[in-house]
Amino acid sequence: MSRDPARLLAARVGSYRPNAIVSVLRSAYPVVIGLVIALLLQAMIAPKLGPFYAKLLLDIGIAIVLASSLNIVNGFAGQFSIGHAGFMMVGGYAAALITYYGSIKFGWLAPGAYGVDVHGGFLGSGDALFLFSCVFGGVVAAVAGLVVGLPSLRLRGDYLAIVTLGFGEIVRVLVQQTSDVIDPAKAAGASWLDAAKALGGPLGFTGTPTYVSPTPWLEDASGQQTGHAGIFFTFAIVSILLIACYRLKTSSHGRALLAVRENEIAAEAMGVNTSRAKVVAFVMAAFFAGVGGALFAHEVGVTLNPKELGFQKSIDIVIMVVLGGMGSITGVVLAAAILTLLPELFREFAEYRMPVYALALIIVMIVRPQGLFGIKELWDLAFWRRYVVPLWRKVAGGWLIPRSRQHPPAAIAKDLSSRDDDGAPKGAP
Amino acid sequence: MTPVLEAKGLSLAFGGLKAVDDFSLSVPPRALHGLIGPNGAGKTTVFNLLTGVYQADKGDIFLAGQRLNGKKPSAIAQAGLARTFQNIRLFGELSVLDNVRTAAGVRAKSGLWRSLLRTPLYLAEEDAIVERSLDLLDVLGIAHRAGEQAKSLPYGDQRRLEIARALATEPKVLLLDEPVAGMNTQEKHAMRSLIESLRSRFDVAIFLIEHDMGLVMDICEHITVLDHGVTIAAGVADKVQQDPKVIEAYLGVPDEDEAAS
């Protein structure tokens, strides 16, 4: 083994010197594809679905955001957190604070036009404010994640779960202590500090603009555009989150998280800074939970209130992760979609939801404790490789078959066995 | 030659029990040192002291002149001290390749943002890591299992994977905790030549714990013998073998009655 790591890297970097445009394209194209899909969902699919199913699509998107973000800390890093709704609540209220009071203060929401936003239109001022509020909500939640993550470093298993549970309850109780939302007519004069104290209390944050609605490009009587492209924004965020998750999982940082989950002592002994890895997982998960909360806060038909975002909500999200497979991005997405669809489609049995959930969870724990997909992704599963890939090859010539970076293709290993000692392929000069 | 790993007067007590008492060690570059002793002599405790799992009550540890006392295990591993475990501790759910990549990745310069944005530096680094990891698996003879789950490997290959993973951190000193435990003669033989070849191949000094006396006496240039936490002998293999204290520790003292009769 005469191959010096530094020289190996230098050789590699040399061969990887594409121009800036190529690098940016290579980095950004999955996000672009995600945005295009989100746009298609909004413009082509949503109108055909009708309001009920379009709303369901939004619910699914938000559930994916919440479950996938929890998957970073519960699945990748293996730190069992059951206070995810707490981060969601922090992000949601922070975002609602910005959009409700912000739009009044900036004069974008006409006083008296309670809840009816007059600054609609695709990518109008309302959307800009909304996107800013999503990021703001995410950042505030990430700070909360740091605050919870740091002291939790010494805890594991049940004890960590109790701390995160406690965090969720603390947030809920704090929000319940706030006073009623200030009326739009008076809100313009209120300071930000007063506004932060008036988050609706137990009644909920009424009057938040419904940016996350499935009906965009509506026009009111005066011909002004109202309504918002909620499906587009939700699924744009979904795609960014999923790409981030996938890239995290397949990178050295993600493998460090998985190593912590698999064997913390060995991970530390191999040079993984386990404390740092856990905090990174907590902060990333909290950030996207906050963004998910911001989406939820502005969803049509939802009044942001502390009752709905309690322990029950946290457990709903945990079930999605456990059922889908702790550490599997595609598994969790699938579980989030199914567990959002089922209760809506079987409304008449809604009261049986929790017993059925509990039963399903027990059965999964007995039959398949690692969840539907385990740590694997959809394209790592045997049935996918045996049936779906050949079918897709036939139909589309194999276009866009995801190549897993996590499990190396057998070809690499085979190629290796045909090498001679200095690592060059046989027959190479 | 200046030693690459040096321990001076390490002591550790668990309550009233002196697990390790005044342990000293000096390993030159590319050396092969052995640590032997009866069960419960404190051998693994010495490893845990060196790698920062336990903090010594007294004494100093130096790696290539750098003082390691009080550092976290991860910092010590990054400084260049890697280890394997007596009771195998692999990342079971991950693939064999990913086990090695995880260890190789801790030296990666790409931060989280570069990883998420997949910049050219990150891509180059990841490819270099894969290539190096596959090379390591090749050296250890388990490259054909790169895609399998680590926990599904047979026992001997799991030990090999542990060594590959430790080497991936680019260590200056490699600590092997019973590398041939539970192996048959043939496997032991293969492992022995492998261990000997590693030091020149990777320019690494090896410090190993082993119960297999034949192996230790054969390949180690220098042997330290522990009993009840105390160093009872240290030196070249032949001398240690003849040391009455060592014989006593392993075989016991003749019974007084028997001696009298």
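What follows is a short chat about reading a predicted model of chains A and B.

Me: Before we start, what ground rules apply to this model?
Reply: It's a predicted model, so local features need pLDDT of at least 70 and side-chain atom pairs count only at pLDDT 80 or more, while totals for chains, interfaces and linings use all residues. Residues are numbered from 1 along each chain as its sequence is written, and chains are lettered from A, with ligands numbered from 1, in the order in which they are written.

Me: How do I read the confidence, and what is the mean pLDDT of chain B?
Reply: pLDDT is the predictor's confidence in each residue, from 0 to 100. Chain B has a mean of 90, with 97% of its residues at 70 or more. Within chain B, helix 11 (residues 256-260) is lowest at a mean of 56, and strand 7 (residues 173-177) is highest at 96. Helices (H or I, at least four residues) and strands (E, at least two) are DSSP runs, numbered from the N terminus.

Me: And what about chain A?
Reply: Its mean is 83, and 82% of its residues reach 70 or more. Residues 110-116 of chain A fall below 50, and that stretch makes nine contacts beyond near neighbours in sequence. The pLDDT is also below 50 over residues 413-429 of chain A, with 18 such contacts.

Me: How do helix 3 and helix 6 of chain B pack?
Reply: Axes are lines fitted to C-alpha atoms, for helices over the stretch in contact, and angles run from 0 to 180 degrees between N-to-C directions. Helix 3 and helix 6 (residues 155-168) of chain B pack at about 25°, with axes 7 Å apart. They are therefore roughly parallel to each other; angles under 35 degrees count as that, over 145 as roughly antiparallel, 65 to 115 as roughly perpendicular and the rest as oblique.

Me: Which residues meet there?
Reply: From helix 3 of chain B, V96(B), N99(B), V100(B), A103(B) and A104(B) meet L161(B), A164(B), R165(B) and A168(B) of helix 6 of chain B.

Terms used
Contact = placed C-beta atoms within 7 Å.
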